[in-house]
Amino acid sequence: MAKALVASRQKIAKNAAQAYPDRPGYGTLGRPVTLYANYLPFTSVGKPIFRYHVSIAAEGGREPAGRKARHIVRLLLEEHYSANLNGIATDYRSTLISVAKLAEGQFDVRYKDENDEEYPENPKGYKVTIQHTGDINPADLINYLTSTNAGSMLSSKPEIVQALNVILGHHPKTERSVASIGGNRHYSFQEGLKESASLEGGLEVLRGFFV
């Protein structure tokens, strides 16, 4: 009886071991699948950049948020930083990243609806404050990642990573044909570019990307 029990346990253990490939036998079992992943080689980042904090004055005791706040930041850039637009990235919430120094202070921003081309006769105004919060040198991150010193530290790593996230996420948040959900999920609905499938009943699913 004891021998039969041992043999049974050995058989169970053998079957369990066969359920997963032994290392390094990756890809020897299972069904092949196609995995989509977005990544970029991080090789060169150019010159140091400047970071600014954006704050919108409260309206009736409450600071504008969400879609309205994003539109106010967009209007701020169009009205006061039009000459620097190609060198600015923003999360359209609280941070501006620029390759050149920007004027600081409080700015009056005229408001118009997103679909309006012209401002109304008496546009509503918002006060937006821009404050420099430091300089960032992304090259420090490359030097840190390629360093042979195992004990090296980079205190500015969180700030650099945040700045790079803002830069990578700027275009989809700026492009009107891309719908952004939250701060980092983006879905293109431009014909010829969008990838979609019908779910029946008038519902449609879009393939997007995550930053």
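Let us begin with exposure: a residue is called buried under 20% relative accessible area, exposed over 50%, and partly exposed in between, with a 1.4 Å probe and protein chains only. By that scale Lys127 is partly exposed, since its relative accessible area is 39%. The model here is predicted, so local features need pLDDT of at least 70 and side-chain atom pairs count only at pLDDT 80 or more, while totals for chains, interfaces and linings use all residues. Residues are numbered from 1 along each chain as its sequence is written, and side-chain values use heavy atoms, with hydrogens and water left out.

Now for the overall plan. The protein chain contains four helices and ten strands, where helices (H or I, at least four residues) and strands (E, at least two) are DSSP runs numbered from the N terminus. Their order along the sequence is α-β-α-β-β-β-β-α-α-β-β-β-β-β. Among the 211 residues of the protein chain, 24% count as buried. The chain exposes about 15300 Å², and carbon and sulfur atoms supply 53% of that area; accessible areas come from the Shrake-Rupley method with a 1.4 Å probe, and for residues only the protein chains shown count as cover. A contact means heavy atoms within 4.5 Å. Of the contacts in the protein chain with a separation of 6 or more, 54% are between residues 24 or more positions apart.

Side chains of opposite charge can pair when their charged atoms come close. A salt bridge here is a side-chain nitrogen of Lys or Arg within 4 Å of a carboxyl oxygen of Asp or Glu, and the structure holds seven of them. In one of these, Lys127 pairs with Asp108, and their closest N and O atoms are 2.8 Å apart. This pair links distant parts of the chain, with Asp108 in strand E4 and Lys127 in strand E5, 19 residues apart. Glu59 sits in the loop between strand E1 (49-56) and H2 and is partly exposed, at a relative accessible area of 28%. Apart from neighbours within four places in sequence, Glu59 is in contact with Pro64, Lys68, Lys124 and Tyr126.

Helix H2 covers residues 66-80 and includes His71. Is His71 buried or exposed? With a relative accessibility of 3%, His71 counts as buried. Setting aside neighbours within four places in sequence, His71 is in contact with Tyr111, Lys112, Asp113 and Glu114.

One of those contacts, Asp113, leads us to the surface. Asp113 gathers with Asp116, Glu117 and Glu118 in a patch of negative charge. Patches are made of residues with over 30% relative accessible area and no salt bridge; like charges are joined within 9 Å, and nonpolar side chains (Val, Leu, Ile, Met, Phe, Trp, Tyr) within 5 Å. Lys and Arg count as positive and Asp and Glu as negative, with His and the chain ends not counted, and the place of a charge is taken as NZ of Lys, CZ of Arg, CG of Asp or CD of Glu. Glu117 lies in the loop between strand E4 (105-110) and strand E5 (125-136), and Glu117 is exposed because its relative accessible area is 72%.

A nonpolar patch is also worth a look. Leu199, Leu203 and Val205 make a surface patch of about 280 Å². Val205 belongs to strand E9 (residues 203-206) and is partly exposed, at 38% relative accessible area.

Two further salt bridges deserve a visit. Arg93 and Asp91 meet through their side chains at 3.6 Å, N to O; Arg93 is exposed at 54% relative accessibility, whereas Asp91 is buried at 8%. Lys194 and Glu191 form a salt bridge at 3.5 Å, N to O. Salt bridges that share partners join Glu191, Lys194 and Glu204 into one network.

Finally, turn to helix H4 (residues 157-174), where Glu159 lies. Glu159 counts as partly exposed at 30% relative accessibility. Not counting residues up to four places away in sequence, Glu159 touches Arg51 and Ile136. Glu159 and Asp135 are 24 residues apart in sequence, with 9.6 Å between their C-alpha atoms.
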